[in-house]
Amino acid sequence: AFANCYGLTGVVISDTVTTVEGYAFSCCKNLADVVISNSVTSIGTWAFENCDVLTKISIPGSVLSVGNSAFYDCDKLASANIADGVASLGDSAFIDCDALTDVTLPNSLSVIGDYTFSYCRALPSITLPKGITHIDSAAFSSCDKLAEITFQGHAPAISSSAFNYVTANAYYPQNDDTWTGEILNASYGSN
């Protein structure tokens, strides 16, 4: 729809829109402000990829799924607030967002897909809410500054490569018997 529209600096996705189609705002190099209404239920693949000056995004709880690579390589994206209601983040949804330092994930999210936050090199910490049941391959791979991971719920299934090239302290709920010695002593990445 608006892919490669270099003159576009802001967009309000109105309450008559239910889907942000794939590639809709792809490579809009000057798109700095995006407001997504509560009528939107899905964000398509590559929808906002390479929006180089976008600094923050708030995804309302009406959005059930965020497509693969939806925010791929948004170089200046520093903040992603994902509201309760969002159930799925596609593979590589936020891959290579170099400036990303603040991510809020909802309790409604159950799976962090392959490469979802890979190469988010500035991300210092992440809190994984109670609803997380799976963390897939390379989900946080090469997040160079990731130093603190806080799990708020039961032990999820974690891919052996989920945290490749990450050295971090992990915190988990005490007195939760799903956090077994086997889980706590396993390796979830390589350096």
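Reading a predicted model

The protein chain of this predicted model has 1 helix and 15 strands.

Q: What makes the radius of gyration of the protein chain agree with a compact globule?
A: For 191 residues, a compact globule would have a radius of gyration near 16 Å. The protein chain has 16 Å, so the value agrees with that expectation. Along the principal axes, the C-alpha atoms fill a box of roughly 55 × 30 × 20 Å.

Q: What share of the 191 residues in the protein chain is buried?
A: Buried means under 20% relative accessible area. Residues of this kind make up 46% of the 191 in the protein chain.

Q: Why are β5 and β7 called a pair?
A: Two strands pair if there are at least two bridges between them. β5 and β7 (residues 79–82) have 4 bridges, in the parallel sense, so they count as a pair. One of the bridges joins S58 to its partner N81 in β7.

Q: What makes β5 and β9 edge strands?
A: The open sheet has 3 strands in the order β5-β7-β9, with parallel pairing. β5 (56–59) and β9 (102–104) each pair on one side only, and these are the edge strands. From one strand to the next, the twist averages 5°.

Q: How do you know which side chains of β5 point to which face?
A: In a regular strand the side chains alternate between the two faces of the sheet. Along β5, I57 and I59 point to one face and are buried.

Q: Why is the space lined by L128, P129, K130, I132, F151, Q152, G153, H154 and P156 called a cavity?
A: A cavity is a set of points where a 1.4 Å probe fits but cannot get out, and that is why the word is used for the space these residues line. The count comes to 1 cavity of 30 Å³ or more, and the largest cavity has a volume of about 30 Å³.

Q: How do the residues of the lining of the largest cavity divide?
A: The lining has 5 nonpolar, 3 polar and 1 charged residues. Lys counts as charged, so K130 is the charged one in this lining.

Technical notes. Residues are numbered from 1 along each chain as its sequence is written. This is a predicted model: local features need pLDDT of at least 70, side-chain atom pairs count only at pLDDT 80 or more; totals for chains, interfaces and linings use all residues. Side-chain values use heavy atoms; hydrogens and water are left out. On a 1 Å grid over the protein atoms alone, a cavity is a set of points where a 1.4 Å probe fits but cannot get out, and a pocket is an open set with protein on both sides within 12 Å along at least five of seven lines; lining residues have an atom within 4 Å of a point. Grid points are joined across faces, edges and corners, and a volume is the space filled by probe spheres set on the points. Helices (H or I, at least four residues) and strands (E, at least two) are DSSP runs, numbered from the N terminus. Axes are lines fitted to C-alpha atoms, for helices over the stretch in contact, and angles run from 0 to 180 degrees between N-to-C directions. Buried means under 20% relative accessible area, exposed over 50%, partly exposed in between (1.4 Å probe, protein chains only). The radius of gyration is taken over C-alpha atoms; the globule rule is 2.2 Å times the number of residues to the power 0.38.
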